[in-house]
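Here is a short briefing for a first look. Please keep the sequence and the 3D view open while you read.

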Amino acid sequence: ARSPDLNVLDLGFFNAVSRFNDVVPKDELELIASVEKAYKDYPTNKLNRVWLTLQAYMNQIIDYHGDNTYKLPHMKKDRLEREGTLPLTLEATDEVWQHLIDDPIDIEE
């Protein structure tokens with residue numbers, strides 16, 4: 001699947017890089033240093049949110065057999081984070097596993 005929803009950088013980190021860059025880099029070395037600083041300074045809780053979003057997209061894509069007509073369910077990450085129950089990973093649902101068993105996705109399509 002070549003879904004833009006699976007580009008983890010677009011899901012959150014590119015926005016962070018552009019926000020942390022107050023000055024346009026003069027060369028490749030400054031650009032690399034700037035990106036590394038942005039990554040180092042990016043809050044880990046936000047990185048977790050990006051990865052959870054990616055995993056939710058993957059579950060939906062598998063559940064919809066690669067189709068992009070799905071709607072991503074709202075996870076209420078703010079509330080879960082406040083309660084201290086925001087997971088680090090999402091498990092594939094039973095439905096997703098069953099879809100994969102019953103009708104495996106042909107990744108060569």
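Helix α3 (residues 44-63) packs against helix α5 (residues 94-102) at an angle of about 45 degrees, and their axes are 9 Å apart. That angle makes α3 oblique to α5. The model is predicted: local features need pLDDT of at least 70, side-chain atom pairs count only at pLDDT 80 or more, and totals for chains, interfaces and linings use all residues. Residues are numbered from 1 along each chain as its sequence is written, and side-chain values use heavy atoms, with hydrogens and water left out.

- Two packed helices are described by the angle between their axes and the distance between the axes.
- Axes are lines fitted to C-alpha atoms, for helices over the stretch in contact, and angles run from 0 to 180 degrees between N-to-C directions.
- Angles under 35 degrees count as roughly parallel, over 145 as roughly antiparallel, 65 to 115 as roughly perpendicular, and the rest as oblique.
- The crossing of α3 past α5 is left-handed (the near helix is turned anticlockwise from the far one by less than a right angle; clockwise would be right-handed).
- From α3, the contact (heavy atoms within 4.5 Å) uses Asn59, Ile62 and Asp63. From α5 come Glu95, Val96, His99 and Leu100.
- By class, this contact of α3 with α5 has three nonpolar, two polar and two charged residues. Ala, Val, Leu, Ile, Met, Phe, Trp, Tyr, Cys and Pro count as nonpolar, Asp, Glu, Lys and Arg as charged, and the others, Gly among them, as polar.

**Asn59**

- Asn59 sits in helix α3.
- Asn59 is buried, because its relative accessible area is 12% (buried means under 20%, exposed over 50%, partly exposed in between, with a 1.4 Å probe and protein chains only).
- Beyond its neighbours within four places in sequence, Asn59 is in contact with Leu90, Glu91, Ala92 and Val96.
- A polar atom of the Asn59 side chain lies 3.4 Å from the backbone oxygen of Glu91.
- Asn59 and Leu90 are 31 residues apart in sequence, and their C-alpha atoms are 8.8 Å apart in space.

**The whole protein**

- The protein has five helices and zero strands. Helices (H or I, at least four residues) and strands (E, at least two) are DSSP runs, numbered from the N terminus.
- From the N terminus on, the elements read α-α-α-α-α.
- The protein has 109 residues, and 26% of them count as buried.
- Among contacts with a separation of 6 or more, 65% join residues 24 or more positions apart.

- Ala38 lies in helix α2 (residues 28-41). Its relative accessible area is 1%, so Ala38 is buried.
- Ala38 and Phe14 are 24 residues apart along the chain, with their C-alpha atoms separated by 9.5 Å.
- Pro104 belongs to the segment after α5. Pro104 counts as exposed, because its relative accessibility is 56%.
- Pro104 and His65 are 39 residues apart in sequence and 8.4 Å apart in space, C-alpha to C-alpha.
- Lys76 is in the loop between α3 and α4 (77-83). With a relative accessible area of 43%, Lys76 is partly exposed.
- Most residues other than glycine have a negative phi. Lys76 is not a glycine, yet has a positive phi of about 60 degrees.

Conventions:
Polar contact = N/O pair within 3.5 Å; in protein donor to acceptor, adjacent residues only side chain to side chain.
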